[in-house]
Amino acid sequence: MPDLPTLTAEQVEAAIEPVSNVSDLGRGGQKLVFRGDIAGTPYALKFAIAPDELDATASDDEDSEEGTDLDVIVRASREVETMRDCASPHMVKLGPIDLTVCTIDDQRLLYFTEEFIDGRDLRTILGTDGPLPADDVITLGIQLADAIKGLWDLQKVHRDIKPANIMRRQDSGSFVLLDAGFAFDVVGESLSGGMLVGTPIYFSPEQFDYSSRRTGMDFRSDIFALGVTMYEVLTGRHPFWRRGHSSQTAFNNILTKTPDPPSSIVDGVSVGLNEVILRMLGKSPHLRYRKCAQLVKALEASRGSK
Amino acid sequence: MTLYIQHGHAKSTRITDAFDDDSARGVVLAARNEKVANLDSCVAMLHDKYKCDILFDPQFYVSTLIPANDRYLPEEYPYYELGRTAKDFIGRRKVDAYTKQTLDFQADRLFDRLLSPTVIVNSLTDRWSQIALQLADSSIEHHATLSDPSPLLISVVISESALDSRSELDAFLDTLTGWDVQGYYLVVVRDDPTYSQRFDEGRLARLLYLVHVLGDRNGYEVVCGYSDFVGIPLRAAGATAFATGWYQSLRQFHEKAFLKQKPGGQRARLRYSSRPLINSVMLSELESIHRAGYLDQILSNVELDSMIRRATSPERSEWTTQISERHHWQTLSAMNEELEGSPKASTAAVIESVRQAIGLYTVLRGSGVPFERSTDGEHLREWLRALTAFQREAGWA
């Protein structure tokens with residue numbers, strides 16, 4: 001894991017001219033995150049330590065190992081590019097400052113801005129408020145399916161969909177997918193040197209199989225992770241993992257276990273929603289949905305079902 | 001009604017007979033057996049006279065068979081070339097040229113679906129399977145460039161042995177279900193060249209799964225070519241349509257039918273297709289059934305049964321080859337129409353029909369009715385095991 005920069009809000013405000021009212025938001029993924037206003041609008045500013053030999057042409061042509069300096073810039077470039085190009089309103093957007101290099105207090109840093117989302121992530125909501133009502137989970141599925149489609153239109157797979165990477169807006173209650181730093185470009189050379197990236201307990205079965213990731217991974221891996229997330233926020237339980245389980249147990253469960261239907265854990269889950277979530281958790285991509293539009297249609301139908 | 005007629009040599013009035021009888025809803029025309037001018041006039045006539053689906057199997061796959069019995073293909077069809085080997089598919093430009101020629105030929109005509117070129121695949125992991133996937137991928141790309149084309153069906157022609165490995169099938173399905181196309185034209189190349197309803201139970205279970213995943217789970221249109229009786233469980237599992245023809249070689253796909261052979265061969269014997277037995281039996285066997293007093297129990301209850309009913313016995317009826325063919329389609333059409341509701345319900349109904357057929361065969365054998373090896377109903381136990389395995393796989397049992 002790369003080191004994080006040592007920065008204060010005051011240093012950021014002093015170093016980056018158009019930014020004011022800077023406050024520290026803590027750590028986000030492999031970056032340090034601040035909130036700051038630019039021309040009166042709040043944005044998130046994300047900082048990472050820049051590699052010593054910074055190659056301005058570094059791109060998705062990645063051949064590095066997880067956690068190296070170069071990996072930081074590749075991931076940041078990918079994240080910025082994804083936010084800039086993805087058309088879905090449910091994928092977080094790039095702010096007015098694109099990927100930039102600066103020096104603050106003798107630290108060479110990479111930073112960029114992104115849309116500031118006033119709200120809480122689903123992991124926090126789950127921890128403080130408990131599971132979401134079924135209707136909200138259906139909305140989550142529909143909106144995140146739109147984000148997955150937006151990424152797939154760019155031939156990208158997010159690879160790290162999980163409650164901590166989904167924000168719920170305070171004002172509208174809508175959901176937004178964050179952190180495209182692991183986004184996998186199926187047409188480019190963007191594998192990770194044989195390392196598994198993402199969060200293993202949200203991996204699809206095919207995501208564990210490095211040899212098949214070139215041919216076997218597409219947006220349906222994200223549908224699996226969204227299914228795990230929906231199951232978890234609906235029931236309060238992860239479908240394949242419990243506290244105390246080893247990663248090997250979680251791995252085996254993901255590959256072989258059919259989870260209990262959500263309706264057997266919480267009341268008020270329709271047969272339709274049960275079926276949709278269990279189908280999203282199909283062990284092979286061909287058992288899930290072949291189009292995000294199919295998933296959305298099934299989720300909409302489940303809203304009215306008993 | 002989703003029975004299609006599989007076209008081949010000597011079409012005569014056979015296709016129009018099937019439509020006049022209201023047995024079929026469509027036709028899969030074959031390139032090999034028709035000159036282009038005749039093909040065009042046939043299509044024009046069918047469009048004028050009938051409301052039916054017209055598909056065209058370009059039979060590109062014949063080009064890799066040696067020595068091919070390819071009749072009109074070399075001289076009449078611009079995309080065809082005899083004796084292609086794997087080397088002829090190295091390089092995307094070549095593959096793209098094949099797909100362009102094959103799809104453009106169809107796009108210029110009034111076909112309701114365009115069928116992609118493909119090659120016969122014996123293993124889902126071998127070189128030929130990669131070539132088949134490249135042809136499919138290239139077809140999708142070229143189809144997208146055509147102006148207002150008919151929807152595209154990707155052709156998949158696989159040996160039944162390709163269904164031996166479930167893990168290979170899963171990976172293959174992951175690829176197929178990643179494509180945004182109208183559907184698939186699926187043909188299974190049978191190992192045994194004799195006409196029989198027998199099917200290795202594991203292979204049949206996986207074929208049902210393949211069709212179910214494509215047709216029901218993923219919502220593709222799935223047309224199963226050369227399917228005959230097995231088209232009924234395939235329809236139950238999720239196929240949109242299945243095709244069968246007049247000759248035995250048009251009811252089941254054998255490579256032998258596309259290879260040059262010595263002239264001759266036996267004249268086909270008269271048969272009767274029984275809905276209750278889920279099989280086609282010899283007319284002589286029908287006679288024995290009649291003598292044993294069980295004729296009513298095994299008649300299909302379709303229009304052309306009247307010819308048997310009004311005769312003093314089956315062998316004394318005016319049953320002919322052409323009547324037998326039409327009756328075969330009426331029977332399959334009637335069986336197909338019985339399939340209502342979800343794949344789960346239809347599969348359960350087919351299982352029940354198979355159980356009843358097994359019981360009926362037991363009664364007939366007990367009454368001394370002799371059957372030949374190809375008509376003895378042994379396929380029913382294989383089908384039953386395959387269907388129940390498929391039910392479990394689909395999570396219905």
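Modeller: The model is predicted, so local features need pLDDT of at least 70 and side-chain atom pairs count only at pLDDT 80 or more, while totals for chains, interfaces and linings use all residues. Residues are numbered from 1 along each chain as its sequence is written, and chains are lettered from A and ligands numbered from 1 in the order in which they are written.

Biologist: What makes β2 and β3 of chain A a pair?

Modeller: Two strands pair if DSSP finds at least two bridges between them. Strand β2 (residues 31–38) and strand β3 (residues 41–49) of chain A have seven bridges, in the antiparallel sense. A:Val33 is opposite A:Lys46 of β3(A). Strands here are DSSP runs (E, at least two residues), as helices are (H or I, at least four), numbered from the N terminus.

Biologist: In what order do the five strands of chain A stand in the open sheet?

Modeller: The order is β1-β2-β3-β5-β4, with antiparallel pairing.

Biologist: Why are β1 and β4 of chain A said to stand at the edges?

Modeller: Each has a single partner strand, so one side of β1 (19–28) and one side of β4 (100–104) lack a neighbour in the sheet. Neighbouring strands of this sheet are turned by 35 degrees against each other on average, direction ignored.

Biologist: Why are α4(B) and α5(B) called oblique?

Modeller: Axes are lines fitted to C-alpha atoms, for helices over the stretch in contact, and angles run from 0 to 180 degrees between N-to-C directions. Angles under 35 degrees count as roughly parallel, over 145 as roughly antiparallel, 65 to 115 as roughly perpendicular and the rest as oblique. Helix α4 (residues 92–107) and helix α5 (residues 127–145) of chain B cross at roughly 55 degrees, their axes coming within 9 Å. The two are therefore oblique.

Biologist: Which residues of α4(B) and α5(B) meet?

Modeller: Contact needs C-beta atoms, placed from the backbone, within 7 Å. Among those that meet are B:Val95 and B:Leu103 in α4(B), and B:Leu135 and B:His142 in α5(B). This contact has four nonpolar, six polar and two charged residues. Ala, Val, Leu, Ile, Met, Phe, Trp, Tyr, Cys and Pro count as nonpolar, Asp, Glu, Lys and Arg as charged, and the others, Gly among them, as polar.

Biologist: What makes α6(B) and α7(B) roughly parallel?

Modeller: Their axes cross at roughly 20 degrees and come within 11 Å. That angle therefore makes α6(B) and α7(B) roughly parallel. B:Arg166, B:Leu169, B:Leu173 and B:Leu176 of α6(B) make the contact with B:Arg206, B:Leu210, B:Val213 and B:Leu214 of α7(B). By class, this contact has six nonpolar, no polar and two charged residues.

Biologist: How do you know that chain B has domain 1 and domain 2?

Modeller: Domain bounds come from an automatic or database domain assignment. For chain B it gives domain 1 (3–258) and domain 2 (271–393). Their C-alpha centres lie 27 Å apart.

Biologist: How many residues of domain 1 of chain B are in contact with domain 2 of chain B?

Modeller: 31 residues of domain 1 contact 26 residues of domain 2. On the domain 1 side, α7(B) gives the largest share, seven residues. That side divides into 15 nonpolar, eight polar and eight charged residues.

Biologist: How many residues of chain B are in contact with chain A?

Modeller: Nine residues of chain B are in contact with eight of chain A. On the chain B side, α6(B) supplies the largest share, three residues. The classes there are two nonpolar, four polar and three charged.

Terms used:
Two residues are in contact if their C-beta atoms, placed from the backbone, lie within 7 Å.
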